[in-house]
Amino acid sequence: MTVPYQFYMRPNTGMAMLVALLVLGGCATSTPHIYDAEQEVEFLYSRSGPHSVMTSEIPATFGQPGGRLYLPEGHDGPAPLVVWQNGTGEPIGTYDAIARHLASWGMAVIGSEDRQMATGERAVAMLANARLWSMTRDHPLFARIDADTFALVGSSQGAVSTINAHTQYEIGRGATALAIHGTPTDEAIAFFRLDMDYDAGAVTAPTLILTGTEDEFISPLWLNRALFEGMRGPGLRALAVAHGADHIELANDAGRFRGYLTAWLLFQLLNDPHAAQGFIGRSEIMSNPGWSVADVSQ
C-alpha cells in the first residue's frame, strides 16, 4: 500500500477479536438508519428511486464464479454501470439491498459471487462482459447498459479491488468515478494474513472515500485522510466519515452511507445537479452533523 506516511498502532485485543470474527467483510443485521429530512440531498437519495428493478443471475463459467445483474426498468436510454466489489468472504448477495437501491435510481449494477477480489481482476472481467453484452445485438442486454460510463465501487477488500482495477488494468483506467469504503491498513491486512496490496496514489478518477468512526481497527481516519491527500489526479475527491458507522455498515442497505453513496454515483454517472449539491459549492456533506469528518477537494 502506498500512502504519504506510515502509522504504526497496537490493535485493541477485544476489537481485534471481534473483527477477526467478521474478517474484512461481514454481514450486518443492524436496525435501518433513520435519515434527517433537513439534510435534503442525503435524505432524498436514501429513499428508493423511481425505477422498479429487474435482476438477472449470471451463471458460473469455466470455473469462474457467477454473479448477479441489477437493471432499472423503464430507464431512458442505456443505464450507466456500477461494478460492485465485495468484502472478504462475502458474495454479492450480502449487498443485495444497496444494489437494488442504486438500480432504482437508474444505474445498472453488476456483482460477483467471488469472495476474494483484491487483485481487481474479477471486477475488470465483469466490466468487459457487460461491455460485450451491451454491444451484442442478439443479447437480451443489447443497448441496455452504458458500460463506457461506469463506476468501480467496493468495501474493505472490495475497496482494494476497486483501486487495483482502476490503477492496474487499462479498461479500469477509464472509470468515470470510484467509491471506496473501509479500505484496510497494512496492519489489518497482516492481522488477517491476507495477501493484497494497492497504490491509491495512482488513482486519477473522481473518488468518494468512506469510513466510520467505529472502524478504527481496519480503516481508521488517519488512513483515509492519507488516501485523500495522496491522490494526485485531477478528479474531484471527497472524504466522509460517518458518525457511529462500523466496518460492516455498507452491507445490506448500506446504512448511514446509502444517501451520499447514491448521490455521489448519480452526480458522477448521470450528471444529476441536485445530487452534486452534496459535494460541490456549499456542499451539504461538509455541514452535516451526522458526519464527524468531511472534506472535498475543490
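Everything described here belongs to a predicted model, in which local features need pLDDT of at least 70 and side-chain atom pairs count only at pLDDT 80 or more, whereas totals for chains, interfaces and linings use all residues. Residues are numbered from 1 along each chain as its sequence is written, and side-chain values use heavy atoms, with hydrogens and water left out.

Confidence is given by pLDDT, the predictor's confidence in each residue, from 0 to 100. The mean pLDDT of the chain is 89, and 90% of its residues reach 70 or more. Over residues 2-26, however, pLDDT stays under 50, and for this stretch the model has 53 contacts beyond four places in sequence, a contact being heavy atoms within 4.5 Å. Where pLDDT is low, the predicted coordinates should not be read in detail.

Seen as a whole, the chain has 10 helices and 9 strands, and of its 298 residues 57% count as buried. Among the contacts in the chain with a separation of 6 or more, 76% are between residues 24 or more positions apart. The chain exposes about 12,400 Å², of which carbon and sulfur atoms supply 53%; accessible areas come from the Shrake-Rupley method with a 1.4 Å probe, and for residues only the protein chains shown count as cover.

How are the strands arranged? They form an open sheet of 9 strands, in the order 1-2-4-3-5-6-7-8-9 and with mixed pairing, and two strands count as paired if DSSP finds at least two bridges between them. Strand 1 (53-58) and strand 9 (291-296) stand at the edges, each with a single partner strand, so one side of each is left without a neighbour in the sheet. Neighbouring strands of this sheet are turned by 15° against each other on average, direction ignored.

Returning to strand 4 (residues 108-112), we can follow its partners on either hand. Strand 2 (residues 67-72) pairs with strand 4 in the antiparallel sense over 4 bridges, and here Arg 68 stands opposite Gly 111. Strand 3 runs parallel to strand 4 and is joined to it by 3 bridges, with Val 82 having Val 109 as its bridge partner and Val 83 standing opposite Ile 110. Strand 3, helix 3 (residues 96-104) and strand 4 also make a right-handed β-α-β unit; right-handed means that, with the strands pointing away from the viewer, the path from the first strand over the helix to the second runs clockwise.

Strand 3 (residues 79-85) is mostly covered, since 7 of its 7 residues are buried. Strand 3 and strand 5 (residues 145-155) run parallel and are joined by 7 bridges; in strand 5, Val 82 has Ala 151 as its bridge partner, and Val 83 has Leu 152.

Strand 5 also holds Asp 148. Is Asp 148 buried or exposed? At 54% relative accessibility, Asp 148 counts as exposed. Leaving aside residues up to four places away in sequence, Asp 148 touches Arg 131 and Thr 176. Asp 148 and Arg 131 are 17 residues apart in sequence and 7.4 Å apart in space, C-alpha to C-alpha.

Further along the sheet, helix 7 (residues 221-230) lies across strand 6 (177-181), strand 7 (207-212), strand 8 (237-242) and strand 9, and runs at about 170° to strand 8. Such axes are lines fitted to C-alpha atoms, for helices over the stretch in contact, and angles run from 0 to 180 degrees between N-to-C directions. Helix 7 is mostly covered, with 7 of its 10 residues buried, namely Trp 222, Leu 223, Asn 224, Ala 226, Leu 227, Phe 228 and Gly 230. The buried residues of helix 7 pack against strand 6, helix 6 (186-191), strand 7, strand 8 and strand 9.

How values were computed
Helix = DSSP H or I, 4+ residues; strand = E, 2+ residues; numbered from the N terminus. Buried < 20%, exposed > 50% of the residue type's maximum accessible area, 1.4 Å probe, protein only.
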